[in-house]
Amino acid sequence: MNNIAVVILNWNGKKLLEEFLPFIIKYSGNAAIYVADNASTDESVSYVKSTFPQIKIIENKGNYGYAKGYNEALKQVDEDIYALINSDIEVTENWLLPIAELFEKDPETAIVQPKILDYYKRDTFEYAGAAGGFLDKYGFPYCRGRIFETLEKDNGQYNDNIEIFWASGACFFIRKNVFWELGGLDEDFFAHQEEIDLCWRAFNKNHKIKVCGSSYVYHVGGATLKNTNPKKTFLNFRNSLWMMTKNLPKSKLIPVFFIRLCFDGIAGLRFVSQGKFAHLWAVLKAHFYFYTRLFKFLNKRKSKQYKNYYKTKSIVYDYFISGKKNFNNSL
């Protein structure tokens, strides 16, 4: 595991570092450990320097968010495999070994995630990644173990190693050469869904993305930005539209977008019915940002986009109309 760099992105997360860094140090063997700090204004950096002098610290010049924060930090990391870990992740004993073996045994595997379980309900999958992610035809992400707000219990049903479409940025392993071949994370995203965009670009380059079912971690989730925050709604809606603009096959671009915009309109009406007017405004603002930057993202399209990017036609229909609430029953 001496070719793995565990890189924790931090912004004003001293309390999280105090709680979770000891687990990473204890259970990461001889992997290199970095804290990449996004110009924190708390005592994060001084705390790590004084308490864990063996950890390498990378100090970014500003709060660059997830995408640029990692892009800048990883320029200073030499190891062959990057492990991008949220600061609110609790790792477990031997979490790295099966992932390292997966990379070693299959040179075509470029990206891997472990199973991600809920920190507070430890027998239940966590929202951000669960046991590996997929997209439906209209760009809606879902996971083995999590569809929309429904979370499954972990009964060992996803303990296998299989190919998935996207891996969670909460605990995301990628080969260094692949990361830079793809140009890194898209910094326009700032945060949210940039890892799905990166995986989609990797898919279009014929790289394999897998989940390692024999490795698991626990994720607090929402430690930086909670689901109830309208800013998160804005980022998710905006970034999803940008991601599809970049990666949808040409033949599907217009018809898929038409249906997706209808879905977004329905989501806005749902926010109105719930009295969540700040979230309705977030959706409207997301679309405004999308339209004003449409040509920029059309110019980011690559020459090859594969048609078979989705696993099911509409996860919205499966979930809300057909009542299929878990992965194994719906797909």
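Start by selecting Arg201 and Asp197: they form a salt bridge, with the closest N and O atoms 3.1 Å apart (a salt bridge being a side-chain nitrogen of Lys or Arg within 4 Å of a carboxyl oxygen of Asp or Glu). What you have open is a predicted model, where local features need pLDDT of at least 70 and side-chain atom pairs count only at pLDDT 80 or more, while totals for chains, interfaces and linings use all residues. Residues are numbered from 1 along each chain as its sequence is written, and side-chain values use heavy atoms, with hydrogens and water left out.

Stay with this pair for a moment. Arg201 and Asp197 are four residues apart in helix 6, so about one helical turn separates them (helices are DSSP runs of H or I with at least four residues, strands are E runs of at least two, both numbered from the N terminus). Arg201 is buried at 11% relative accessible area, and Asp197 is buried at 0%; buried means under 20%, exposed over 50% and partly exposed in between, with a 1.4 Å probe and protein chains only.

Next, select Arg260 and Asp264, whose side chains meet in a salt bridge (3.1 Å, N to O). They sit four residues apart in helix 8 (residues 250-273), so about one helical turn lies between them, and both are buried.

Asp160 is in the loop between strand 10 (150-151) and strand 11 (161-163) and Arg144 in the loop between strand 8 (141-143) and strand 9 (146-147), so the pair ties together parts 16 residues apart in sequence. Asp160 is partly exposed at 32%, whereas Arg144 is buried at 4%.

Among the buried ones are Tyr66, Tyr70 and Leu74.

Finish at the surface with Tyr317, Phe320 and Ile321, a nonpolar patch with about 350 Å² of accessible area together. Such patches take residues with over 30% relative accessible area and no salt bridge, joining like charges within 9 Å and nonpolar side chains (Val, Leu, Ile, Met, Phe, Trp, Tyr) within 5 Å; areas come from the Shrake-Rupley method with a 1.4 Å probe, and for residues only the protein chains shown count as cover. Tyr317 belongs to helix 11 (residues 315-321).
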